[in-house]
Amino acid sequence: MTGMIKRILFLVTLFLHIGFLHASIVILNGLTHSYKVEGGKTYKGKISMENTDSTPQNVKIYLQDFSYKADGSISYSAPKTNEKTNADWIKLTTNLLTLQAKEKTELYYEITVPDTIAQVGSYWSVIIIEPVENIQPDKKEGITITSIIRYAVQIITDYNSESAKPDLKFESVRIDKEDGKQILKIAIANKGNLYCKPTATVEVYHRKNGQKAGVFSSQAMGLLPSTSKLFYIDISKLPPDQYNAAIIATDEDENAFALNVELEVKND
């Protein structure tokens, strides 16, 4: 497309891997910052970052609301559009930073919790860290393609978390073959009001004789209220057969949610 500039924006979250792109700005202290908070109190945090490039880099910083679903869709919206947002609690010290070559720096923020909050549970938003690229026309083609990696740093505040609990629901279960492996994919939704980090485990039994065929688990993943994710379990060690299975989702506080299903592992 002559005369048109294409910009490809990739957003980095806890569940999106894009290591094949070169990122001059990297976040050093994680993409999820969690706090247990009380009404009327102020909490301070920071985001540590580094410019790994040999040239200066400008970085734009702003807040957004954030949600996601098990089908892979991710929603970013203006602050205060999510009823469980904490974006209006967060004050950034700046909206623009310049990092010199190889420089490390820290972005500080404050969370001021309202005196009264209607509901217990988790409130959240994301701080977007977005490099600002200077677009230079290509002398040969007249266009340039610039790939930018921007980061979404989740700021999660749990208010009166002792009175709140996650409520995990199983939305779907299926087996897909990927790269020669049999992968059990379990869509789990958090219908409760508290952020949690569950692990999905499947206990598998032969349908004919009831003998145990194996126990397999997913990685733990964070799950915000009113969101869902797809949990992956490699069951390639199971020979083709028909099975009964118990799927158990367990969070870090040992809250457990179970589902009984029938599975069929096929040759193809």
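The chain exposes about 14600 Å², of which carbon and sulfur atoms supply 47%; accessible areas come from the Shrake-Rupley method with a 1.4 Å probe, and for residues only the protein chains shown count as cover. This is a predicted model, in which local features need pLDDT of at least 70 and side-chain atom pairs count only at pLDDT 80 or more, while totals for chains, interfaces and linings use all residues. Residues are numbered from 1 along each chain as its sequence is written, and side-chain values use heavy atoms, with hydrogens and water left out.

**Exercise 1. State which secondary structure the chain contains and what share of its residues is buried.**

Step 1. The chain has zero helices and 18 strands. Helices (H or I, at least four residues) and strands (E, at least two) are DSSP runs, numbered from the N terminus.

Step 2. Of the 268 residues, 44% count as buried, that is, under 20% relative accessible area, where exposed is over 50% and partly exposed lies in between (1.4 Å probe, protein chains only).

**Exercise 2. Describe the surroundings of alanine 249.**

Step 1. Alanine 249 is located in strand β17 (residues 241-250).

Step 2. Its relative accessible area is 0%, so alanine 249 is buried.

Step 3. Not counting residues up to four places away in sequence, alanine 249 touches Leu168, Phe170, Ile188, Thr199, Ala200, Asn255, Ala256 and Phe257; contact means heavy atoms within 4.5 Å.

Step 4. A separation of 8.8 Å lies between the C-alpha atoms of alanine 249 and valine 202, which are 47 residues apart along the chain.

**Exercise 3. Classify the ring pair of tyrosine 35 and tyrosine 109.**

Step 1. The structure holds four aromatic pairs. Rings of Phe, Tyr and Trp (its six-membered ring) pair if their centres lie within 6.5 Å; planes under 30 degrees apart count as stacked, over 60 as edge-to-face and the rest as tilted.

Step 2. For tyrosine 35 and tyrosine 109, the ring centres are 6.5 Å apart and the planes stand at 90°, so the pair is edge-to-face.

Step 3. Because tyrosine 35 belongs to strand β3 (residues 32-37) and tyrosine 109 to strand β9 (residues 104-112), the pair ties together parts that are 74 residues apart in sequence.

Step 4. Both tyrosine 35 and tyrosine 109 are buried.

**Exercise 4. Classify the ring pair of tryptophan 89 and tyrosine 123.**

Step 1. With centres 5.2 Å apart and planes at 35°, the pair of tryptophan 89 and tyrosine 123 is tilted.

Step 2. Tryptophan 89 is buried at a relative accessible area of 9%, and tyrosine 123 is buried at 6%.
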